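Please look through the sequence and the structure below before reading on.

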Amino acid sequence: MNTLSIVIPALNEAENLPAVMASIPFAELKDEGWEAEVVVVDNGSTDGTGDVARLLGARVVNQPARGYGNAYRAGFGAATGDIIATGDADRTYPFDALPRLLRTLVDHDVEFMTTNRLIGGNSEAMKPSHSLGNHVLSAISRTLFRNELRDSQSGMWVFRRYVWQRLDVRSTGMSFSQEIKNAATRAGYRYLEIPIEYRKRGGQVKLNAFRDGTENLRQLFEHNFRRTRPVPRPVPRTVAATVAHEYDRI
Ligand SMILES: Nc1nc2c(ncn2[C@@H]2O[C@H](COP(=O)(O)OP(=O)(O)OP(=O)(O)O)[C@@H](O)[C@H]2O)c(=O)[nH]1
Ligand SMILES: [Mg+2]
């Protein structure tokens, strides 16, 4: 069996977790040879998120230091699978697509896979202002890091755990999402971005668009000019061209 850890950061998502856990296709994953564990990172919730996650069969990791990046750092540290898959606890990401994403990762020997929500068909799920912000941040990120990624803010990634162990990722908050992508592509790992369905969030919005957007911009420049970049700097390696025929909108 191959081992998979599904890591889900959660700040007050008790009402969404039952639907999120139900959407994980455990039987199909098992049929395809995946032994899967779910790690829910309770990021200081006050609504019983941890208890609900445990009752639903997840392993719960407590991260009292708030922040999306802090939550992921704790979750990845606790993950045991050879492959890690991620997604929000708010019902927006299609965990049911995991078997397909994993097949692509294995078949094409991808080391870091990320996903693109910014495609036609998903416009209902995202406010126009949020979508504009995502496009602008992604364009700047792409220009600085030359990695062709259309959606620098997507929170669904599937990657080999050793990649995480070798990366220098410092963000404690929402900029963790762009930083892990840019660090992985700049370090020369074989990467791929796959279009996915994105659904309307359940429960309360936690993102602060202005504060998080500004911080993301600052982080992009800090990361780009960081002194500790690997030397010699490898050329980003996307495997998109070899996979394009399998997807409609890559
Ligand atoms: N914003 C935020 N999310 C956190 C934090 N800790 C854990 N999370 C979880 O991280 C995931 C991403 O946060 P979201 O609030 O969904 O951020 P987003 O998807 O960019 O924006 P919305 O879904 O529109 O709120 C969710 O599952 C949150 O519950 C935190 O400190 N801040
Ligand atoms: Mg979300």
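Of the 250 residues in the protein chain, 43% are buried, and it should be kept in mind from the start that the model is a predicted one. A compact globule of 250 residues would have a radius of gyration near 18 Å, and the protein chain agrees with this because its own value is 17 Å. Taken along the principal axes, the box filled by the C-alpha atoms of the protein chain is roughly 45 × 40 × 35 Å. Among the contacts in the protein chain with a separation of 6 or more, 78% are made by residues 24 or more positions apart.

The protein chain contains 10 helices and 8 strands. An open sheet of 8 strands runs in the order S3-S2-S1-S4-S6-S5-S7-S8, and its pairing is mixed. At the edges stand strand S3 (59-62) and strand S8 (237-238), and since each has a single partner strand, one side of each is left without a neighbour in the sheet. Helix H5 (residues 98-107) packs on this sheet, where it touches strand S2 (34-42), strand S4 (83-86), S5, strand S6 (157-160) and S7, and the direction of helix H5 makes about 40° with that of S6.

Within the sheet, one pair of strands deserves a separate look. Strands of a sheet pair through backbone hydrogen bonds, in either a parallel or an antiparallel manner. Strand S5 (residues 112-116) pairs with S7 in the parallel sense, over 5 bridges, and Thr 115 stands opposite Ile 194 in S7.

Is Ile 196 buried or exposed? Ile 196 has 22 other C-beta atoms within 10 Å, and because 20 or more is the cut-off for a buried residue, it counts as buried. If neighbours within four places in sequence are left aside, Ile 196 is in contact with Pro 94, Ala 97, Thr 115, Asn 116, Arg 117 and Met 156. Between the C-alpha atoms of Ile 196 and Val 239, which are 43 residues apart along the chain, the separation is 17 Å.

The last stop is the ligand. Ligand 1 is surrounded by 18 residues, of which the closest are Leu 11, Asn 43, Asp 88, Lys 206 and Leu 207. Strand S1 (2-10) and helix H4 (68-78) each supply at least two residues of the shell around ligand 1. Sorted by class, this shell has 8 nonpolar, 4 polar and 6 charged residues.

Notes
Residues numbered from 1 in each chain as written. Chains lettered and ligands numbered in written order. Predicted model: local features only at pLDDT ≥ 70, side-chain atom pairs only at ≥ 80, totals over all residues. Buried ≥ 20, exposed ≤ 12 C-beta atoms within 10 Å, placed from the backbone. Contact = placed C-beta atoms within 7 Å. Pairing = 2+ DSSP bridges. Helix = DSSP H or I, 4+ residues; strand = E, 2+ residues; numbered from the N terminus. Axes fitted to C-alpha atoms, helices over the stretch in contact; angles between N-to-C directions. Rg over C-alpha atoms; globule rule 2.2 N^0.38 Å. Near = placed C-beta within 6 Å. Nonpolar A, V, L, I, M, F, W, Y, C, P; charged D, E, K, R; others polar.
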